[in-house]
Amino acid sequence: MEELQEFVTNLFMSGFKRLGKVINLNRSFDMRLINKVFQMVGKKDRKQYAQYPACFYNVSEPYDKKNHAARYHFTQCPNAEFAKKHNLMHTLPLFCNSDYWGISQLNGTLISCGTCGNSDKCDYCVVGSENPMAKEYEIVKDEDGFL
């Protein structure tokens with residue numbers, strides 16, 4: 001599966017490379033902007049949930065002013081549910097791990113302790129790559145291939 005990671009990342013995350021030319025999460029304004037985007041997407045997800053109960057369910061959290069961090073989490077992920085239902089869990093890290101690359105293209109760091117594939121939720125904490133929090137965490141791969 002690892003041979004496919006670059007292909008999947010480029011296929012689904014290519015927009016982040018273009019965004020990275022204008023967005024730099026080390027800038028306060030851009031961090032607040034990305035937080036606003038996460039808030040808007042979360043609101044949209046929660047609205048769609050009533051009509052499509054199998055969709056992503058994003059819960060946005062207030063902007064962390066102290067740490068200059070945007071936080072949100074998914075309590076439901078259709079990709080994870082599909083992988084579980086069809087015995088494809090070995091492929092799920094291809095998609096989940098791409099998020100790290102995408103955020104890095106915005107000069108940011110994704111801090112996450114789990115995904116819907118290996119935990120009860122996908123938790124996201126996004127900070128600028130120069131933020132002290134980024135230096136406190138080490139990205140490691142678990143036994144199932146999730147970062």
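The legends below describe close-up views of a predicted model. Local features are reported for residues with pLDDT of at least 70 and side-chain atom pairs only at pLDDT 80 or more, whereas totals for chains, interfaces and linings use all residues. Residues are numbered from 1 along each chain as its sequence is written, and side-chain values use heavy atoms, with hydrogens and water left out.

View 1. Helix 2 covers residues 28-51; helices (H or I, at least four residues) and strands (E, at least two) are DSSP runs, numbered from the N terminus. The end C-alpha atoms of helix 2 are 36 Å apart, which agrees with the 34 Å that its 24 residues should span at 1.5 Å a residue, the expected span being 1.5 Å times one less than the number of residues. The buried residues of this helix are D30, M31, I34, N35, F38, G42 and D45, where buried means under 20% relative accessible area, exposed over 50%, and partly exposed in between (1.4 Å probe, protein chains only). These buried residues pack against strand 1 (57-60), strand 2 (70-76) and strand 4 (122-128).

View 2. D30 is found in helix 2 and counts as buried because its relative accessible area is 6%. Leaving aside neighbours within four places in sequence, D30 is in contact (heavy atoms within 4.5 Å) with V22, I23, N24 and L25. The side chain of D30 also reaches the backbone nitrogen of N24 at 2.8 Å. With R27, D30 forms a salt bridge, at 2.6 Å from N to O; the term stands for a side-chain nitrogen of Lys or Arg within 4 Å of a carboxyl oxygen of Asp or Glu. R27, in turn, is partly exposed, with a relative accessible area of 42%.

**View 3. Two further salt bridges.** Side chains of opposite charge can pair when their charged atoms come close. The structure holds three salt bridges, one of which joins D64 and R71, with the closest N and O atoms 2.9 Å apart. In this pair D64 is buried, at a relative accessible area of 14%, while R71 is partly exposed, at 24%. Another joins K84 and E81, with the closest N and O atoms 3.9 Å apart. K84 and E81 are separated by about one helical turn, because they lie three residues apart in helix 3 (residues 78-85). K84 is partly exposed, with a relative accessible area of 40%, and E81 counts as partly exposed at 42%.

**View 4. The loop residue N131.** N131 lies in the loop between strand 4 and helix 6 (132-136), and at 10% relative accessibility N131 counts as buried. Not counting residues up to four places away in sequence, N131 touches N26, N67 and H68. A polar atom of the N131 side chain lies 2.8 Å from the backbone oxygen of N67, and the side chain of N131 also reaches the backbone nitrogen of M133 at 2.7 Å. N131 and N58, which are 73 residues apart in sequence, are 24 Å apart in space, C-alpha to C-alpha.

Note on methods
A polar contact is a pair of N or O atoms within 3.5 Å; within protein, one must be able to donate a hydrogen and the other to accept it, and residues adjacent in sequence count only if both atoms are side-chain atoms.
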